[in-house]
Amino acid sequence: IINYARFIMISLTLQTTASDTILFVGGGAVAERRLALCLDEPCQCIVISPVITDQMKAWHEDNRFIWHNTVFSDDHIDIVKQCKLLFICTDNKAVNDYIEAIARNNGILVNRADNATACDFTVPSTIDMGDLHVAISANNGGPRINRLVKQDMMNRYNILQIAIPRLKIMREEVKLLIPSVEERSQFWRTHLGESEFQAILKGQWPLIEEKLHHAISGIRTKS
């Protein structure tokens, strides 16, 4: 029986600065996916690996990260000590153990690709559809499950890219028209319930939008 560690699912916003370093040891597919998440952030990304993927080479040619084209050695310990986040992505357990030990001794947050129980944080599969941001984790059920769930959710909720921005505008209108928090909550429970939500997912957003506008207009008329 394999007992996997369970994680408390919380959302933390990591705000980096240009002086912060995010370190990646390893240059394979996993390192590429992790690196892709950080390239557009205000930080310095460093990769230590004698081999990197073609995509990573293209990013490096565009000067998007610093590449130490070598295996990890004691010469890199200071980089580990100074980094804000550490992604260990090699397939060498002994090397991974050694790097993790250095990080632990220096209070560095670690994500280790070959050992989920050694991770201080995980990188869930994410969906960004306009204003809708969803993180998916199968609790070590495997990346395949994450990808299938992600694709299903993208197919199912894609329409919300159109609906949410307009709902945000309506929400501000309702705030101005109904000062009471409880009355506003009741308005949305009445006019945007489960049946309306399911109708939106079925492609009937124009109809729901019209009904909401009508309800808001009714409040405006009374006031």
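I started at Thr-16, which lies in the segment before β1. Strands here are DSSP runs of E of at least two residues, helices are runs of H or I of at least four, and both are numbered from the N terminus. The model is predicted, so I noted its limits: local features need pLDDT of at least 70, side-chain atom pairs count only at pLDDT 80 or more, and totals for chains, interfaces and linings use all residues. Residues are numbered from 1 along each chain as its sequence is written, and side-chain values use heavy atoms, with hydrogens and water left out.

**Thr-16.** The cut-offs are under 20% relative accessible area for buried and over 50% for exposed, with partly exposed in between (1.4 Å probe, protein chains only). Its side chain reaches the backbone oxygen of Pro-42 at 3.2 Å. I then listed contacts (heavy atoms within 4.5 Å). Leaving aside neighbours within four places in sequence, Thr-16 touches Ile-22, Glu-41, Pro-42, Cys-43 and Lys-84.

**The sheet.** I traced five strands in an open sheet, ordered β3-β2-β1-β4-β5, with parallel pairing. Two strands pair if DSSP finds at least two bridges between them. β3 (66-68) and β5 (109-112) are the edge strands, each pairing on one side only. From one strand to the next, the twist averages 15°. β1 (residues 21-25) and β4 (residues 85-88) run parallel and are joined by four bridges. Ile-22 stands opposite Leu-85 in β4. Helix α4 (residues 93-105) packs on the sheet and touches β1, β4 and β5; its direction makes about 165° with that of β5. Axes are lines fitted to C-alpha atoms, for helices over the stretch in contact, and angles run from 0 to 180 degrees between N-to-C directions.

**Ile-79.** I found Ile-79 in helix α3 (residues 77-82). Its relative accessibility is 17%, so Ile-79 counts as buried. Which residues does Ile-79 contact, leaving aside its neighbours within four places in sequence? They are Leu-23, Ile-46 and His-68. Ile-79 and Leu-23 are 56 residues apart in sequence, yet 7.7 Å apart in space, C-alpha to C-alpha.

I followed the side chains along β6 (residues 125-129). β6 pairs with β7 (residues 132-136) in the antiparallel sense over five bridges. Thr-126 has Ala-135 as its bridge partner in β7. Two residues lie between the strands of this hairpin, and Gly-130 takes a positive phi near 65°.

How values were computed:
A polar contact is a pair of N or O atoms within 3.5 Å; within protein, one must be able to donate a hydrogen and the other to accept it, and residues adjacent in sequence count only if both atoms are side-chain atoms.
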